Amino acid sequence: MAELSPTFFVGVLKALLPAILMNIYVVGLNQLFDVEIDKVNKPDLPLASGDFSMGMGVAIVSTFSFMSFAMGLIFQSPPLLYALIISFLLGSVYSIELPFLRWKRHAFLAAACILSVRALVVQLAFFVHMQKYVLGKPTIITRSLVFATAFMCFFSAVIALFKDIPDVDGDRDFGIQSFSVRLGQERVFWLCVNMLLIAYGAAVIVGASSPFILSKIVMVLGHCTLASILWLRARSVDLTSKEAVTSFYMFIWKVDQDIWVLSMFKGLEDVMFVNFKECIAWTETPASKLN
């Protein structure tokens, strides 16, 4: 637990602040190019409703992207800066209406953008940032990193698929070939639910294989509970109601926060495992080398 120092928490803030600013840029840019679609799908959004002008929207996304990159440079963490650059580029090609861009029109490319950033770039870059440039430790791939990355691959794929389920009407009218438009809302909905259940099942197996009883109990019971809640909630969703589908989508995001809490036990297990090996190595060291 020595890692939980002021330096650690400052390092977390250095990763979170520019990442949040970059996320505002990506979301805001998408709204700038989706105004007409949002008037159908999400009329309450600031640009679609007319609360914000286009000029104000451009000013906001420009300012936040500049602030994000400025922090990335000031904090002098290469993996953090690379993550911001990749997020900026993929977020831009996802939304901008130019030849060879606007990848959100194509279901596979849209999903690839979201999965690449959320499941791979963020996980790996933030890990190296904290491990090497904050704590000053060698970069070693841990079991908790592998678990979190694999789980987030499933979760990010679900988000990429599910986010378009409530937006079928507007997407179809404006030529956005999402999986929900191509396959139908119900098929995509249950595909997402089943993918999450598979991920929970894998997490239960990982937890059950833990050599530490606390981690085993928390991981198994925690993910079983979340899977049960997810299944019961999914069965009650009225797919003909945009409000019900959107509410379930937000529920999935809330579940994601619970998953991160459970993932902390995997991280704790890694620390315990490393300390255990260090203790064993110390006890096996010849007495002559200890003097």
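Analyst: Start with Arg 102, which sits in the loop between H5 and helix H6 (107-134). Keep in mind that this is a predicted model. Arg 102 has a positive phi, near 55°, and Arg 102 is not a glycine. Is Arg 102 buried or exposed? The relative accessible area of Arg 102 is 3%. Buried means under 20%, so Arg 102 is buried.

What touches Arg 102? One answer is Asp 34. Leaving aside residues up to four places away in sequence, Asp 34 touches Arg 102 and Lys 104. Asp 34 lies in a loop too, between helix H1 (6-33) and helix H2 (35-41). Asp 34 has a relative accessibility of 3%, so Asp 34 counts as buried.

Now compare another loop. Gln 76 falls between helix H4 (54-74) and helix H5 (78-95). Gln 76 also has a positive phi, about 55°, although Gln 76 is not a glycine. Its surroundings are another matter. Gln 76 reaches 64% relative accessibility, and therefore counts as exposed. The cut-off for exposed is over 50%.

Lys 39 belongs to helix H2. With a relative accessible area of 43%, Lys 39 is partly exposed. Where does Lys 39 stand relative to Gly 170? The two are 131 residues apart in sequence. In space, their C-alpha atoms are 8.3 Å apart.

How many helices and strands does the protein chain have? The answer is 13 helices and zero strands. Along the sequence, the pattern reads α-α-α-α-α-α-α-α-α-α-α-α-α. The protein chain has 291 residues, and 41% of them are buried.

An unreviewed UniProt entry annotates residues 12-33, 54-75, 81-101, 108-128, 140-162, 188-206 and 212-232 as "transmembrane region". Check two of these spans in the model. Residues 54-75 are 95% helix and 0% strand. The C-alpha atoms at the ends of residues 54-75 are 32 Å apart. Residues 212-232 are 95% helix and 0% strand as well. For residues 212-232, the end C-alpha atoms lie 30 Å apart.

How are two packed helices described? The description uses the angle between their axes and the distance between the axes. The axes of H1 and H6 come within 10 Å and cross at roughly 140°. Their crossing is right-handed. On the H1 side, the contact uses Thr 7, Phe 8, Gly 11, Val 12, Lys 14, Ala 15 and Ala 19. On the H6 side are Phe 126, His 129, Met 130 and Val 134. By class, the contact of H1 with H6 has seven nonpolar, three polar and one charged residue.

Move on to helix H7 (residues 143-162) and H10. Their axes come within 9 Å and cross at roughly 170°. Roughly antiparallel means over 145 degrees, so H7 and H10 are roughly antiparallel to each other. H7 brings several residues to the contact, including Phe 147, Phe 151, Phe 154 and Phe 155. H10 brings others, among them Val 188, Phe 189, Leu 191 and Cys 192. The contact of H7 with H10 divides into 19 nonpolar, no polar and no charged residues.

H10 has another partner. The axes of helix H10 (residues 185-208) and helix H11 (residues 213-235) come within 8 Å and cross at roughly 165°. This makes H10 roughly antiparallel to H11. The crossing of H10 and H11 is left-handed. The H10 side includes Phe 189, Trp 190, Val 193 and Leu 196. The H11 side includes Lys 216, Met 219, His 223 and Arg 235. This contact of H10 with H11 holds 17 nonpolar, two polar and two charged residues.

To sum up, return to the starting point.

How values were computed. Residues numbered from 1 in each chain as written. Predicted model: local features only at pLDDT ≥ 70, side-chain atom pairs only at ≥ 80, totals over all residues. Heavy atoms only, no water. Axes fitted to C-alpha atoms, helices over the stretch in contact; angles between N-to-C directions. Helix = DSSP H or I, 4+ residues; strand = E, 2+ residues; numbered from the N terminus. Parallel < 35°, antiparallel > 145°, perpendicular 65-115°, else oblique. Left-handed = near helix turned anticlockwise from the far one by under 90°. Contact = heavy atoms within 4.5 Å. Nonpolar A, V, L, I, M, F, W, Y, C, P; charged D, E, K, R; others polar. UniProt positions renumbered as here; feature names shortened; annotations may be inferred. Buried < 20%, exposed > 50% of the residue type's maximum accessible area, 1.4 Å probe, protein only.
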